[in-house]
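Thank you all for coming, and please have the sequence and the model open while I talk.

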Amino acid sequence: MSQPIISLQNISKHYSEDSSAGVNSINLSIQKGDFIAIVGESGSGKSTLLKLIYGLLMPDSGEIEFKGKPLHGPIEKLIPGHDSMKMLNQNFNLNIYARVYENIESMLSNEDLKSKKEKAQSMMNFLRIDHLANKKIIELSGGEQQRVALARAIITEPEVLLLDEPFSQLDALLKTQFRADLKRLNEELGITVILVSHDPVDGLTLSNQMIILKDGILMESGKPDQIYLAPAYIYTGKLLGNAFVLSADEGQKMGLKTKKENLMIYPEWVQLKSSWSSKGYLIKDIFFKGFYEDLLLERDNVQIIAMNPRPGIYAKGQKVQVVVDKYLEY
Ligand code: ADP
Ligand code: MG
């Protein structure tokens, strides 16, 4: 593998000596062009990790390198944040009384006015905000403002773009659009993206490397499909999917054998069908999810969840036959 663009070795940062809040002994290697997603519950240390990478926070110990050179924190630098990186915050830092094009152009120097105009124009085209060029920021919706902020962040052609929960203010439709924009700027402009999110879907759909944080500790990292399908920890399965856990005894009752303590199963691994090996379960509850529904099932005091891809065909109190296609042992 080539030299990483960013590497973290044993990075720890605690906000106070008597508290474990922060991040602990993080090792991480990011390649140019990667789309990294840092996923974890609220308070797991995601923002702390992002600020450490950006240089807004100094680690207590450990080393962060950018292209093989130590990255200095705010103590050593007057202006925090690395020149080759840009961070998009929840507060967009836009000049709300200025126009869209002015907000974007102001990021560039005045040396070559023609190229400045052209660059701003092509960036507005890229993010489909060219029709808003002459509007003032206060006249824009939250989603439009976010695209302007994104244009400002990438017009100076940073090598790395850092985003902290960029979807939190967007409704579902805008979220899908903004996800597509991020994917495009990663793939077409080659910008390395580091995205922090509490929503695992963002990481699963966008990233090529997903990092699971819990209580400031990097639990595991890897390709999203690998982490989802074979997580090292039950915690990860519960965070990323709707995994449920059975004890070895409960598994035994279902005909699932293990020498380990627990079984972890995703609802989509529970097939609703009858066969020689299927067992009858009582439908205790139904959770409608739109294009599918989760069925809470019970048999011999063991509860499981099955994903039903055809909502509306079952009712509470009915019995169904299921076959467990796959399970993981922990
Ligand atoms: P996340 O972004 O995953 O929600 P943070 O990185 O913001 O988590 O916070 C991690 C932990 O550090 C939390 O327990 C939080 O309360 C604590 N923390 C964050 N910032 C500060 C700060 N400036 N001072 C003290 N504690 C902080
Ligand atoms: Mg945060």
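Predicted model: local features only at pLDDT ≥ 70, side-chain atom pairs only at ≥ 80, totals over all residues.

Residues are numbered from 1 along each chain as its sequence is written, chains are lettered from A and ligands numbered from 1 in the order in which they are written, and side-chain values use heavy atoms, with hydrogens and water left out.

Along its principal axes, the C-alpha trace spans about 75 × 45 × 40 Å. The chain holds nine helices and 18 strands, where helices (H or I, at least four residues) and strands (E, at least two) are DSSP runs numbered from the N terminus. Of the 330 residues, 46% are buried, and here buried means under 20% relative accessible area, exposed means over 50%, and partly exposed lies in between, with a 1.4 Å probe and protein chains only. If we take the contacts with a separation of 6 or more, 63% of them come from residues 24 or more positions apart, a contact being heavy atoms within 4.5 Å.

Now to the domains. How much area do domain 1 and domain 2 bury between them? The figure is about 570 Å², with 63% of it on carbon and sulfur atoms, and buried area is the accessible area (1.4 Å probe) that two parts lose on being put together, summed over both. On the domain 1 side, Tyr228, Leu229 and Ile234 lose the most area to domain 2, together 82% of what that side buries.

Across this interface the rule finds zero salt bridges, a salt bridge being a side-chain nitrogen of Lys or Arg within 4 Å of a carboxyl oxygen of Asp or Glu. Two residue pairs are in polar contact across the interface, both at pLDDT 80 or more. A polar contact is a pair of N or O atoms within 3.5 Å; within protein, one must be able to donate a hydrogen and the other to accept it, and residues adjacent in sequence count only if both atoms are side-chain atoms.

Let us move on to the salt bridges, of which the count comes to 12. Side chains of opposite charge can pair when their charged atoms come close. In one of these pairs, lysine 114 meets glutamate 118 at 3.3 Å, N to O. Because they are four residues apart in helix α3 (residues 113-126), these two are separated by about one helical turn. Lysine 114 is exposed at 61% relative accessible area, whereas glutamate 118 is partly exposed at 46%.

Another pair joins aspartate 285 to lysine 316 at 3.7 Å, N to O. This one links distant parts of the chain, 31 residues apart, with aspartate 285 in strand β14 (residues 279-288) and lysine 316 in the loop between β16 (302-308) and β17 (319-324). Aspartate 285 is partly exposed at 24%, while lysine 316 is exposed at 57%.

Is aspartate 294 buried or exposed? Aspartate 294 is buried, with a relative accessible area of 4%, and lysine 289 is partly exposed at 39%.

My last stop is threonine 258, which is found in the loop between α9 (248-253) and β12 (262-265) and counts as buried at 18% relative accessibility. Its side chain reaches the backbone nitrogen of lysine 260 at 2.9 Å, and a polar contact of 2.8 Å joins the side chains of threonine 258 and glutamate 329. Leaving aside residues up to four places away in sequence, threonine 258 touches Ala248, Leu263 and Glu329.
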